[in-house]
Amino acid sequence: MAAKLKCAVIGAGAIGSATAYALSRQGADVCLYEQFDFFHHRGSSHGPTRLFRTAYFEHTDYVPLLKRSATLWRDLEFQSGQTLYCQTGVMMAGRPDSPLMAGIDLAARQHSLDLPTFTASEARTRFPVFSFDDDMIIRVEKDAGFVCADRAIAAFLTLAKHHGAQLLERHPVLSWREENSRIVIKANDETHAYDRLIIAPGAYAFNLLKDIGAAVTPVRKSLFWTAPDDNRFHTDSGFLPFAIQQPDGRFYYGFPAIDEDGVKVGEHTGGMPVNTPADDPEELRVKDRKEVSEFLEQYAPALKSDLTNEQSCLYEMSPDGHFIIDTHPECPQVSFAAGLSGHGFKFAPVIGEALADLALQGVTQAEFDFLKLSRFRQ
Ligand SMILES: Cc1cc2nc3c(=O)[nH]c(=O)nc-3n(C[C@H](O)[C@H](O)[C@H](O)COP(=O)(O)OP(=O)(O)OC[C@H]3O[C@@H](n4cnc5c(N)ncnc54)[C@H](O)[C@@H]3O)c2cc1C
């Protein structure tokens with residue numbers, strides 16, 4: 001029998017956890033390194049929920065990946081015995097020529113996705129919580145919904161461990177290098193050699209991927225909760241996750257209440273680029289709190305109550321807002337996913353599967369060509 005490949009994975013966010021699971025499930029000998037505690041709040045993956053959409057306004061080439069990801073989320077639910085993907089439908093609104101609505105239209109046409117369209121007056125009856133501008137259109141993607149983020153990562157880690165992965169928290173990887181065709185990593189005071197290395201560093205990419213020729217910028221984001229104790233906005237009452245692009249381009253999203261905290265609301269387009277991921281300026285929170293309140297006042301007045309809770313998080317922006325998924329240009333034993341740019345969680349299982357395939361077979365069936373590093377190196 002062939003010896004098991006020894007694989008190190010760096011980062012226990014959504015992507016590294018999914019990769020550790022995919023590798024260990026395929027029989028690799030896996031060690032996952034996380035610099036902080038598991039489930040810490042200093043990266044991009046913490047929190048209860050993330051939107052899952054398939055009519056992808058960001059780029060239509062993501063659609064096949066999303067279809068595979070949906071299948072893999074269902075498989076993760078089956079393997080873990082938990083509900084992790086709630087297919088509630090998602091309501092999206094904006095002017096027809098806004099990037100959100102024009103992009104959805106393109107993806108729906110290219111991939112034959114069915115998204116009923118409503119005028120503002122039709123939508124006011126159908127979604128009485130919201131107040132739409134007269135020139136907005138409203139579309140509902142029925143197959144969309146949200147992933148239970150914290151629980152999904154717990155499921156990846158539990159199953160990876162079940163398949164024999166070693167999970168190491170508080171183990172920052174300080175450096176890596178190629179030596180005699182193997183990859184030697186330095187973590188804490190120790191060095192270890194592996195056949196393959198997968199790097200999923202989120203906003204901390206500058207440490208381990210500084211030489212790839214594409215910078216990942218940490219952007220600090222805020223999110224808020226409102227309307228606790230109001231049953232109208234609970235998933236059980238049929239309240240849908242939403243995404244609304246204002247005429248000035250600002251794009252807000254929200255989730256139905258899944259617990260006593262209430263409805264989660266944030267702005268996708270805003271945030272503040274920071275020098276290091278640790279920066280968390282209070283002035284950003286003050287500004288965002290005011291702007292989220294103004295958004296609710298105008299577009300969801302029934303939700304306008306005190307913002308009762310808040311959290312901060314990081315986007316990990318690539319230069320063009322699209323993921324960078326590839327093998328390392330100088331070292332084929334190393335592959336990575338970086339610059340998930342604030343929309344990567346929904347893809348975690350398909351990226352994990354692809355990174356595992358790249359590590360173990362050298363190729364992936366998933367169509368990731370448009371996300372390769374080479375687009376920045378021509
Ligand atoms: C407010 C907010 C809302 C979002 N909404 C959505 C959404 O609705 N839908 C969606 O699909 N996506 C959404 N995203 C984006 C999505 O959450 C991220 O793209 C995704 O979680 C990125 O995962 P990651 O594993 O790449 O990064 P991270 O979660 O940051 O994980 C990287 C991990 O690597 C560790 N690490 C880094 N360097 C080292 C090292 N040297 N040694 C050891 N460990 C290291 C870090 O500590 C970290 O735990 C949102 C993000 C935010 C912040």
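S45 sits in the loop between β2 (29–33) and β3 (49–52); strands here are DSSP runs of E, at least two residues long, and helices runs of H or I of at least four, numbered from the N terminus. Please note that this is a predicted model, in which local features need pLDDT of at least 70 and side-chain atom pairs count only at pLDDT 80 or more, while totals for chains, interfaces and linings use all residues. Residues are numbered from 1 along each chain as its sequence is written, and side-chain values use heavy atoms, with hydrogens and water left out.

Is S45 buried or exposed? With a relative accessible area of 14%, S45 is buried, the term meaning under 20% with a 1.4 Å probe and protein chains only. A polar atom of the S45 side chain lies 2.9 Å from the backbone nitrogen of A14, a polar contact being a pair of N or O atoms within 3.5 Å; within protein, one must be able to donate a hydrogen and the other to accept it, and residues adjacent in sequence count only if both atoms are side-chain atoms.

I turn now to the ligand. An N or O atom in the side chain of S45 is 2.4 Å from a ligand oxygen atom. A polar backbone atom of S44 is 2.9 Å from an oxygen atom of the ligand, and a polar side-chain atom of K346 lies 2.8 Å from a ligand oxygen.

Finally, where does the ligand lie? Domain 1 (6–46 + 150–215 + 320–376) and domain 2 (90–142 + 217–317) both give residues to the shell, so the ligand lies between them; the bounds come from an automatic or database domain assignment.

Terms used
Buried < 20%, exposed > 50% of the residue type's maximum accessible area, 1.4 Å probe, protein only.
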